[in-house]
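This briefing is intended for a reader new to the structure shown below. Please keep the sequence and the model in view while reading.

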Amino acid sequence: VGLVTFDHALREVIPPRSRPSHLGVLTQVLERAQPGGETDLGRALHDLVPSLHRRGLLILISDCFGDIGVLQRALAQFRHAHHEVIVLQVWHRDELEFPFRQWTRFDALEVSGRHQLVEPDALRAAYLQRVQRFRDELRRSCSSHRIDLVPMVTDQPYAYALAEYLNLRKRRA
């Protein structure tokens, strides 16, 4: 198992190893990792492709926000290099349901100090429509490159989504 952390550029690249002590290295890197600036997922993945010399399994854990066309081209490079790709797309329940009912301040998580005060009723329908369009486009994009897309919600144990995915994969095989 190897590990790559990134934001707008690659930050930590830990090559795959199979020694038991390698788990400690991976854990330390994950414990040290801090959220950075804005993420450029497509660029980071594009920069990663040349460093992977052996065919393998790439598991991407991300919200996948950004330009889907750029992400699609980056993921297609992995498939072209004969890597298997699984995308674990992480959602917060509020992103999917937009349950807000009163004036709400939304803070940009990737840009310090940036926020917007909004009246949710005015945005709800358009927001939910755009989220659904984004999800549909990402699903089609992944499907066209034979990439498994696994949506995960942060209020559910990740083991549920993984078990559901593994059962689906087993039935397909």
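Arg124 counts as buried at 14% relative accessibility, where buried means under 20% relative accessible area, exposed over 50% and partly exposed in between, with a 1.4 Å probe and protein chains only. Its salt-bridge partner is Asp121, with N and O 2.6 Å apart; a salt bridge is a side-chain nitrogen of Lys or Arg within 4 Å of a carboxyl oxygen of Asp or Glu. The model is predicted, so that local features need pLDDT of at least 70 and side-chain atom pairs count only at pLDDT 80 or more, while totals for chains, interfaces and linings use all residues. Residues are numbered from 1 along each chain as its sequence is written, and side-chain values use heavy atoms, with hydrogens and water left out.

**The pair in helix H5**

- Asp121 is partly exposed, its relative accessible area being 48%.
- Arg124 and Asp121 both belong to helix H5 (residues 120–144), where they are 3 residues apart and therefore separated by about one helical turn.
- Helices (H or I, at least four residues) and strands (E, at least two) are DSSP runs, numbered from the N terminus.

**Salt bridges between elements**

- The search of the whole structure finds 11 salt bridges.
- One of these links Asp155 to Arg93, with the closest N and O atoms 3.0 Å apart.
- Asp155 lies in the loop between strand E7 (148–153) and helix H6 (158–172), and Arg93 in helix H4 (residues 93–97), so this pair ties together parts that are 62 residues apart in sequence.
- Asp155 is partly exposed at 49% relative accessible area, and Arg93 is also partly exposed, at 23%.

- Asp148 and Arg172 form a salt bridge through their side chains, at 2.9 Å from N to O.
- Because Asp148 lies in strand E7 and Arg172 in helix H6, the pair ties together parts that are 24 residues apart in sequence.
- Through salt bridges that share partners, Glu84, Asp148, Arg169 and Arg172 are joined into one network.

**The pairing of strands E1 and E2**

- Strand E1 (residues 3–6) pairs with strand E2 (residues 10–14) in the antiparallel sense over 4 bridges; two strands pair if DSSP finds at least two bridges between them.
- A hairpin of 3 residues joins E1 to E2.
- Leu3 has Ile14 in E2 as its bridge partner.
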